[in-house]
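The following questions and answers concern the packing of one protein chain. Please examine the sequence and the structure before reading on.

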Amino acid sequence: MLTIGDFARASRLSAKALRRYDELGLLPPARVDPFTGYRYYAEEQLERARLIAWLRGIGMPLAEVGRVCALYASDAAGAARAIRGYWARVESETAARRDLAASLVDRLRGPTEMTDEMTDGMADGTADETAEGTSGGTAGRPAFVLRTAVRLDRGLVRAAQQDAAHAGPHLLAVADGYGPEGARAALAAVGALEAVPPPAPSARAGDVLNALEDAVRAADGAVSGLAESGTTLTAAVWTGGRLALAHVGDSRAYLLRDGAFVRLTRDHTVVQALVDAGELDPAEAADRPDRALLLKALDGGDAAPEPELGVHETRPGDRYLLCTDGLSAVAPADAIRRALAAGVGPEEAAEALVALARERGGPDNVACVVADVVPA
C-alpha cells in the first residue's frame with residue numbers, strides 16, 4: 001500500500017487533487033484508516049490515476065473524465081472513441097472562437113483593410129474555398145454543396161405533430177413546439193429562419209452569425225401571442241466552407257466525421273446544468289422526470305433568449321444531423337451514430353433514424369434533418 005504522499009508522487013497528482021477525486025468518487029483510496037482518516041492506495045490504482053491526470057491535462061471536465069474512466073474499465077475502445085469525440089468538439093469550438101475573433105479583428109480594422117475570412121483553406125488543406133464553396137479555378141462554380149433530407153414523424157403516442165423542420169441548400173432547421181399552440185410555434189420559428197438570405201461570397205463568419213441571431217429574435221417575436229406555448233430551435237446556415245449554428249433549447253446538432261460522432265450543441269435544460277456543475281451523473285440524466293425542463297426556449301416573452309452561436313468548419317464527407325429530442329432522448333448516441341454511419345444516403349439515413357425512435361416506442365414527435373457535404 002502507498003501513502004497518499006507516495007501515491008501523489010507516483011501518479012503526478014497532488015494530494016489535494018487526490019482528496020478531491022476521492023470526494024467525487026473518481027479515485028477512492030483502497031483503504032482509509034478508521035482512526036486517523038489517512039488514505040492509502042494500491043499500486044494497481046496508478047494506471048487509473050495516470051489516466052485521470054492525462055485527461056485533465058487535455059482539459060476534459062471532471063464529469064466526462066468519470067465517464068471515460070468507467071468506459072476504460074470495461075471497453076477500452078469505447079473510451080478511446082469518447083476521447084476522440086471530446087477532442088473533436090474542442091477543435092470545433094476552438095475553430096468557432098478563432099472565426100469570431102477574426103471577424104472582430106476585421107470590424108476593428110475598418111472597411112479599407114477588411115479581409116475575406118471565408119476564403120481561408122479548409123482544415124483538410126483544400127485552398128481557395130469561398131463562402132459559396134467555390135474553388136479559385138472554377139469561376140464561381142460551387143465546389144461542394146449540401147445534399148439534404150428531412151423527416152417528420154408523429155411517433156406512436158402523441159396525438160398531434162408539434163415539430164417542424166426545414167432543409168434547403170443553405171439553411172437547416174428543426175423546432176420542437178410545446179403547449180396548446182406548440183405546432184404553430186414551431187412552424188412560426190422555422191418560418192422566421194427561412195427569411196435568412198443565402199450568405200454572399202464575401203460574407204464573414206461574424207456577419208452570418210449576426211444575421212442568424214437577428215433571425216432567432218424574429219422567431220421569438222413570431223411566437224408571441226401563443227398562450228402558454230413555445231418552441232426550441234436549432235438552425236444552421238451553410239456558407240460552403242463553414243456551418244454557422246444558432247441553438248435555443250434541447251433539440252440538437254451533431255457531426256459525423258471520419259467515424260467520430262460529435263455533439264455540437266448543449267441542452268438548455270435544468271438537468272444539463274446540473275450535469276455541467278458536476279452535481280448529477282450524466283448516466284442518471286436520462287432517467288430524470290424533469291429532463292425536459294427547459295432553461296431557454298422561444299416563447300415570445302419580454303426578452304428574447306440569447307441563442308448559443310458557433311461556427312464550424314466543414315469538410316467533404318461530413319454528415320450533419322439536426323434533430324428534436326423525440327430522437328435524441330430516446331435513442332442512445334451510439335445507435336444514432338451507427339444509423340448515420342451505415343453508408344447510405346441522407347434520405348435512407350433519415351428514415352433509419354425515424355425507425356430507430358419508433359423501435360423504442362416512439363413516445364414523442366420526431367423531426368430530423370440529415371445533410372452531407374458532397375462535391376457539386
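Buried means under 20% relative accessible area, exposed over 50%, and partly exposed in between (1.4 Å probe, protein chains only). Helices (H or I, at least four residues) and strands (E, at least two) are DSSP runs, numbered from the N terminus. This is a predicted model, in which local features need pLDDT of at least 70 and side-chain atom pairs count only at pLDDT 80 or more, while totals for chains, interfaces and linings use all residues. Residues are numbered from 1 along each chain as its sequence is written, and side-chain values use heavy atoms, with hydrogens and water left out.

Q: What span does helix 7 reach from its first C-alpha to its last?
A: The expected span of a helix is 1.5 Å times one less than its number of residues. Helix 7 has 19 residues, for which 27 Å is expected. The span in the model is close to that expectation, at 27 Å.

Q: Is E213 buried or exposed?
A: E213 lies in helix 7, where the buried residues also include L212, A215 and V216. Leaving aside neighbours within four places in sequence, E213 is in contact with E306, P307 and L309. Its relative accessible area is 17%, so E213 is buried.

Q: Which residue with a positive phi follows helix 7?
A: The buried residues of helix 7 include D220 and V223. After the helix comes a residue whose phi is positive, near 90 degrees, namely G225.

Q: How are helix 1 and helix 3 oriented to each other?
A: Axes are lines fitted to C-alpha atoms, for helices over the stretch in contact, and angles run from 0 to 180 degrees between N-to-C directions. Angles under 35 degrees count as roughly parallel, over 145 as roughly antiparallel, 65 to 115 as roughly perpendicular and the rest as oblique. The axes of helix 1 (residues 4-11) and helix 3 (residues 46-57) come within 9 Å and cross at roughly 55 degrees. The two helices are therefore oblique.

Q: Which residues of helix 3 meet F7, A10 and S11 in helix 1?
A: The axes of the two helices come within 9 Å. The residues of helix 3 that meet F7, A10 and S11 are L46, A49, R50 and A53.

Q: How are helix 11 and helix 12 oriented to each other?
A: Helix 11 (residues 333-340) and helix 12 (residues 346-359) pack with their axes 9 Å apart, at an angle of about 150 degrees. A335, I336, A339 and L340 in helix 11 meet A349, A352, L353 and L356 in helix 12. The orientation is therefore roughly antiparallel.

Q: Is R12 buried or exposed?
A: R12 lies in the loop between helix 1 and helix 2 (15-23). This residue has a positive phi of about 65 degrees although it is not a glycine. With a relative accessible area of 78%, R12 is exposed.

Q: What is the relative accessibility of D258?
A: D258 is in the loop between strand 10 (252-257) and strand 11 (260-263). Its phi is positive, near 50 degrees, in a residue other than glycine. D258 counts as exposed, with a relative accessibility of 72%.

Q: How far apart in space are D302 and S224, C-alpha to C-alpha?
A: D302 is in the loop between helix 9 (282-285) and strand 12 (308-313), and D302 is exposed, with a relative accessible area of 90%. D302 and S224 are 78 residues apart in sequence, and their C-alpha to C-alpha distance is 9.3 Å.

Note on methods: Contact means heavy atoms within 4.5 Å.
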